[in-house]
Each structure stands twice: as C-alpha cells, then as structure tokens.
Amino acid sequence: MAQLEAEAEIRRIQARYMFLCDTPCPEFGIMDDAQRIDRIMDLYAEDAIWEGVGDYYDNQFGRCVGKAAIRTHFESFWNEKRDPNLLLNVHYLTSEQIHVHGDTADGQWVHCQPWIFSDGTSLLRSSRLNNLFRRQGNVWKITRTRTENLFVAPLPAGWAGSFPARSVLMKP
C-alpha cells in the first residue's frame, strides 16, 4: 500500500509541476509569474537539480543546482519580456514509469507540448524526462528534473482555431 501511495504522490507532483508551467497558468489565484514560480519551487527540495541534457538542451538550459539557482532559471524564462509573446503552452505527459525505493524514487515520462506565439508561429516540442524524488517527512519533493529534447517541429499557422487568453478553469 505504501508503494502505491508513494507512486500516486509522485504522479501528482509531476503533474502539478507541468500544470503550473502551462500558459496561460490554470491555477486560480496566481496573479503573476512570481507567484507561479513560488508554487513551482514548493515542489522542490533545497538541494534539487534542474538540467537540460543532450545536444539540444545542454546549451539552451544547462544545469542549475539548488532552489535558488532553479528559481533564477524560471525567472529568466517568465520574467523576461519576449517577442513574440508566448500565448499558449500546454504540457502532456505519457509513457510514465515510476520506481519507488523506500524514501527515494525515480520517474520517467515522455512529454509533448504545443507552443503558440503572438506573431502567429507555433511549434510542437517533445522531450524525455528522467526525474528523481525524495520523501522529506511525509511529503515527496523533486530532487532532480532532467530533460532531453526529442524533437521540435514547426506547426502550420492557424492550426489551433481558438484558445484562452487566461484560464478560468479552477475559479471557484
């Protein structure tokens, strides 16, 4: 039973991370990206690592060690004004594997995400995730997020006919 409960908690943590990374952010009450980043950082252990690996992600993301460095990584992604502006970004997880080893665990997923930008361009990105987790007291935390690019493919203009400018899904 403990094994199944640990797997379920890890699944929820990974899904929550992806949910909070979506644009527009569907979490009700998050008014800005600083609040979004705070909620993401709540999922990480103090000594966590976030890294992009492989030919494509080594130079794009690099390696961040510790929550302060991971926070800086997210701040550089969301706090910088980008042109074109990101209008939609949705994360889909598949091919899940979770292995619990007492108070530690690893999980692998394939993730796919469409991106739509304000200039009308769009792309589809997919990567593999190989993440680590640790139970701290009664709470599981992410200790490593590792992502490796599988592909980035342009999508034709107008492939998505409509999408929200802001999410109201979680509004009471």
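**Exercise 1. Locate Pro24 and describe the peptide bond that joins Thr23 and Pro24.**

Solution. Pro24 sits in the loop between helix 1 and helix 2; helices (H or I, at least four residues) and strands (E, at least two) are DSSP runs, numbered from the N terminus. The bond joining Thr23 and Pro24 is cis, with omega about -5°. The model is predicted: local features need pLDDT of at least 70, side-chain atom pairs count only at pLDDT 80 or more, and totals for chains, interfaces and linings use all residues. Residues are numbered from 1 along each chain as its sequence is written, and side-chain values use heavy atoms, with hydrogens and water left out.

**Exercise 2. Characterise the largest pocket by volume, lining and residue class.**

Solution. Step 1: on a 1 Å grid over the protein atoms alone, a pocket is an open set of points where a 1.4 Å probe fits, with protein on both sides within 12 Å along at least five of seven lines; lining residues have an atom within 4 Å of a point. Step 2: the volume of the largest pocket is about 1,100 Å³, taken as the space filled by probe spheres set on the points, which are joined across faces, edges and corners. Step 3: its lining holds 48 residues, and Cys21, Thr23, Arg36, Phe77 and Trp78 lie nearest the centre. Step 4: the elements that each supply at least two lining residues include helix 1 (2–21), helix 4 (67–78) and strand 5 (104–117). Step 5: the lining divides into 22 nonpolar, 16 polar and 10 charged residues. Here Ala, Val, Leu, Ile, Met, Phe, Trp, Tyr, Cys and Pro count as nonpolar, Asp, Glu, Lys and Arg as charged, and the others, Gly among them, as polar.

**Exercise 3. Count the aromatic pairs and classify the one formed by Trp109 and Phe133.**

Solution. Step 1: rings of Phe, Tyr and Trp (its six-membered ring) pair if their centres lie within 6.5 Å; planes under 30 degrees apart count as stacked, over 60 as edge-to-face and the rest as tilted. Step 2: this rule gives 5 aromatic pairs. Step 3: Trp109 and Phe133 are edge-to-face, at 6.2 Å centre to centre and 75° between the planes. Step 4: the pair links distant parts of the chain, with Trp109 in strand 5 and Phe133 in strand 6, 24 residues apart. Step 5: Trp109 is buried at a relative accessible area of 3%, and Phe133 is buried at 1%.

**Exercise 4. Find the side-chain polar contacts of Ser127.**

Solution. Step 1: a polar contact is a pair of N or O atoms within 3.5 Å; within protein, one must be able to donate a hydrogen and the other to accept it, and residues adjacent in sequence count only if both atoms are side-chain atoms. Step 2: Ser127 is in strand 6 and is buried at 0% relative accessibility. Step 3: its side chain contacts the side chain of His111 at 2.6 Å and that of Thr147 at 3.2 Å.

How values were computed
Buried means under 20% relative accessible area, exposed over 50%, partly exposed in between (1.4 Å probe, protein chains only).
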